[in-house]
Each structure stands twice: as structure tokens, then as C-alpha cells.
Amino acid sequence: MIRLFWKDQLPLLLFYMIQTILLPLLYWLSGENRPFSIILYGVALSLVILTSYLGLRFFQYYRLYQRLGHPETAMANHLRPLGLAPLPEAMDELIRQYEHHYQEQLNVQVRRMDQHIEFMNRWVHQMKTPLSVIQLTLQDIDDDAVADSIQEELERLRKGLEMVLYTSRLDSFEDDFRVEPTLLRQAVSEVVTENRRLFIRRGIRPDIQVDEALTVYTDAKWLRFMLSQILTNAVNYTSGTGKSVTISSYRQGKDYVLQITDQGIGISPEDLKRVFNPYFTGERGRQYHESTGMGLYLVREICARLGHKVELQSSLGEGTLLRLIFNGTRKIQE
């Protein structure tokens with residue numbers, strides 16, 4: 001703050017120094033033999049006036065210099081006036097105008113986002129009706145191959161609609177979650193059952209090794225969504241039949257870990273650091289045409305909001321290992 005004040009007054013100080021040098025020089029050039037004490041008295045008087053002016057200036061602009069000198073705390077005190085001098089008052093008015101303008105723009109964007117989310121939610125729910133009709137129609141199809149093909153596409157549509165719904169709810173996550181004790185094995189079993197057709201179609205065997213009594217604090221609905229995304233990826237990126245996806249649990253210090261291990265194609269080292277980025281599919285994802293690039297991104301975002309952690313390890317051709325780490329020492333505050 002002091003440094004900013006002196007930088008602001010530097011031109012005035014330079015002009016004062018030039019004037020102090022020029023005054024004796026002017027007397028000397030004019031031929032007037034003024035006593036040195038008179039000249040010194042004039043310089044001292046002007047110095048007193050300058051010091052008084054700088055003190056008054058610093059007092060009037062103190063809050064302005066303080067705010068400008070510490071921008072990191074400026075937002076916390078932005079409602080306090082900057083001072084009574086004309087410039088601070090003008091700055092106050094300008095800031096208020098800017099704040100009012102940007103608040104209006106922010107409100108407009110928030111309303112648009114709310115309308116967009118409401119539309120997406122309604123659209124997803126409306127799409128569930130024709131999907132249910134198609135599902136019932138499948139019962140009248142005699143050709144098993146055709147029925148299986150349609151069933152596979154229906155499952156993809158359902159998962160796509162589910163991803164759209166949960167993605168739209170992510171921005172209002174605080175209003176759409178409830179943390180409570182959740183049996184981890186029960187949640188895993190429900191998700192495996194929901195995706196049983198995918199496991200059967202791919203010839204992949206789910207191997208659940210989770211303690212039936214293990215309880216974690218989480219939101220059961222969001223947990224099932226995360227597990228569905230993780231298991232879908234594990235199955236889709238596992239080629240060949242007779243392989244398995246292992247879901248196990250163990251204790252790590254005070255935390256509980258749910259570990260999902262597949263025997264799939266793995267992730268290349270250059271893609272490993274970016275798999276949690278939105279819409280990133282990687283080279284292997286583009287080869288298999290199964291990835292939207294949003295699954296792991298949503299898993300990371302949901303974990304961050306629930307206070308969980310997610311870790312991933314993988315090597316090409318050796319499968320992928322993903323861990324969900326649940327805090328075992330405290331409940332998450334809603």
C-alpha cells in the first residue's frame with residue numbers, strides 16, 4: 001500500500017526536486033545576491049507544504065490504496081466506501097455500476113441455465129415412454145437375433161438418457177443428494193444386476209468380493225450411477241470371452257476402498273492423465289467406438305462433491321484398476 005502511494009506521487013516528487021534545484025539557480029542567474037538562509041527558508045517552507053499535502057492525500061486515499069494494494073482481499077470489503085475524496089467516490093460509483101451490470105448478466109445466465117436443465121429433465125423423462133413401448137414390442141418379435149440387437153440399442157439409449165439426466169443435475173448437486181449409511185455390496189449387486197445383459201452379451205463374468213456388512217457414508221443413487229459408468233467401461237473395453245471384472249473391497253487406514261479391476265485393453269500412458277477430462281476418449285476409445293468421454297469425468301466430479309476420492313491405474317494390454325475411496329472417519333455434511 002505504501003509503495004503504491006509513493007509510486008502514485010512520484011511525478012509530484014520529481015517536479016518538486018526540479019523546482020528546488022531551479023530556484024537557487026534562478027536567483028543566481030538573475031544576479032540577485034539573496035542570502036542563502038532566505039533560499040533555505042523558502043525550500044523548507046515548500047517542503048512543509050508538500051509534506052502536509054502528501055499527508056492529507058494519503059489520509060483521503062488510504063482505503064483506495066489499501067484496496068488496490070491488496071486485491072486478494074478486495075472482494076471481501078467491496079461494500080466499504082473507498083473514501084470521501086472525489087476520485088475514491090467516483091471509483092465507488094463506477095464499481096457499483098459494474099457490479100450491478102454484471103449481476104444482471106449473471107441472473108440472466110442463471111435463468112437460462114435453469115430453463116435448460118428443466119428442459120433436459122423433462123425431455124429425458126418423456127423419452128422413457130417410447131423406450132418402454134419399444135421394450136414391450138420386443139416381446140412380439142420372434143427373431144431372437146433381431147430382438148437381441150434391438151435390446152442392445154435400447155440399453156444404450158437408456159444409459160445415454162441417464163447420463164444426460166445426471167449431467168444436468170450436477171450443477172444443482174447440493175439440492176439433489178442425501179448422504180446416509182449405504183451397504184456397499186448391496187449397491188454393487190444392484191448395479192451388476194442392472195447391467196447383467198451387458199455382461200452376458202460380452203461374455204464377461206462379474207466377480208464380487210465385497211463384505212456384505214461393509215457400510216459407507218454416501219448417496220446411494222449417485223453411487224449406483226458411478227458404479228454403472230465404471231462397470232460399463234470395464235466391460236466395454238474388455239475384449240474376448242471368459243474374462244472377468246473383479247469388484248473387491250478392503251480397508252486402507254481409516255478409509256474404505258472399493259476396487260474395480262478388469263482384464264481389458266488398458267489405457268496408454270499418454271492418455272492416463274487425461275481420462276478424467278470431459279469428452280476425452282483417447283486413442284483406444286476411438287478404436288472401440290464405445291466411449292462418450294464423460295463417464296470418468298462424471299465419476300470424478302461426483303466423488304469431489306461427496307468427499308470421496310477416485311484413483312486409476314492402467315497399462316496397455318494389462319487391464320485397468322480403479323479405486324473409489326470412502327472416508328471412514330466422518331459423515332459427509334449435507
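Helix 11 is largely enclosed by the rest of the structure, because 9 of its 12 residues are buried. Bear in mind as you look around that this is a predicted model.

**Helix 11 and its surroundings**

- Helix 11 covers residues 295-306, and its first and last C-alpha atoms lie 17 Å apart, close to the 16 Å expected at 1.5 Å a residue.
- The buried residues of helix 11 are Gly295, Leu296, Tyr297, Leu298, Val299, Glu301, Ile302, Cys303 and Leu306.
- Buried here means that a residue has under 20% relative accessible area.
- Among the elements that cover these buried residues are two helices, helix 5 and helix 8 (220-236).
- The cover also includes strand 3 (215-218), strand 6 (309-314) and strand 7 (320-326).
- Just past the end of helix 11 you will find glycine 307, which has a positive phi of about 80 degrees.

**The second largest pocket**

- This pocket has a volume of about 450 Å³.
- It is lined by 19 residues, and those closest to its centre are Glu155, Arg158, Lys159, Glu162 and Glu194.
- Two or more lining residues come from each of helix 4 (86-137), helix 5 (144-169) and helix 7 (196-202).
- Sorted by class, the lining holds 9 charged, 6 nonpolar and 4 polar residues.

**Where the two topics meet**

Terms used:
Residues numbered from 1 in each chain as written. Predicted model: local features only at pLDDT ≥ 70, side-chain atom pairs only at ≥ 80, totals over all residues. Heavy atoms only, no water. 1 Å grid on protein atoms, 1.4 Å probe; cavity = no way out; pocket = protein on both sides within 12 Å on 5 of 7 lines; lining within 4 Å. Points joined across faces, edges and corners; volume = space filled by probe spheres on them. Helix = DSSP H or I, 4+ residues; strand = E, 2+ residues; numbered from the N terminus. Nonpolar A, V, L, I, M, F, W, Y, C, P; charged D, E, K, R; others polar. Expected span 1.5 Å × (residues − 1). Buried < 20%, exposed > 50% of the residue type's maximum accessible area, 1.4 Å probe, protein only. Contact = heavy atoms within 4.5 Å.
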